[in-house]
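Here is a short walk through one protein model. Look at the chain below, then read on.

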Amino acid sequence: EVPKVFTLFQNTPNPFNPSTVIGFGLASDMPVHLAVYSASGQKVRKLVSGQMSAGSHSVAWDGRDDSGQPVSSGVYLYRLEAGGKSEMKKMLLVR
């Protein structure tokens with residue numbers, strides 16, 4: 001079923017170790033950017049960047065940065081940008 005609005009869901013599980021799943025819904029086909037940031041705002045990992053179809057989607061994050069190195073325990077933010085809108089949520093990695 002296609003969502004009626006752009007939606008970003010809370011990751012599960014949260015807190016997590018070693019990986020988590022981030023879900024989101026798109027009301028129509030559109031370019032999507034999903035990335036993970038440190039609590040200080042530095043980009044840690046790009047998870048999605050490109051055109052996606054309408055509907056429900058999920059992306060796993062394995063607690064690693066863009067170079068493949070494990071990140072430390074702490075609070076991370078994930079931000080979804082799609083269709084001229086953006087939304088951000090917090091998650092907690094516990095090693």
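How many positive and negative side chains does the protein have, and how far apart do the centres of the two sets lie? There are 10 positive and 7 negative side chains, with the two centres 4 Å apart. Lys and Arg count as positive, Asp and Glu as negative; His and the chain ends are left out. Each charge is placed at NZ of Lys, CZ of Arg, CG of Asp or CD of Glu.

This is a predicted model: local features need pLDDT of at least 70, side-chain atom pairs count only at pLDDT 80 or more, and totals for chains, interfaces and linings use all residues. Residues are numbered from 1 along each chain as its sequence is written, and side-chain values use heavy atoms, without hydrogens or water.

The fold has zero helices and seven strands. Both are DSSP runs numbered from the N terminus: helices are H or I of at least four residues, strands E of at least two. Of the 95 residues, 39% are buried, meaning under 20% relative accessible area with a 1.4 Å probe, protein chains only.

Now turn to the aromatic rings. Two aromatic pairs are counted. Rings of Phe, Tyr and Trp (its six-membered ring) pair if their centres lie within 6.5 Å; planes over 60 degrees apart count as edge-to-face. Trp61 and Tyr76 are edge-to-face, with 5.6 Å between centres and 65° between planes. Trp61 sits in strand E5 (residues 55-61) and Tyr76 in strand E6 (residues 74-82), so the pair ties together parts 15 residues apart in sequence. Trp61 is buried at 0% relative accessibility. Tyr76 is buried at 7%.

Notes
Buried < 20%, exposed > 50% of the residue type's maximum accessible area, 1.4 Å probe, protein only. Phe/Tyr/Trp six-rings, centres within 6.5 Å; stacked < 30°, edge-to-face > 60°.
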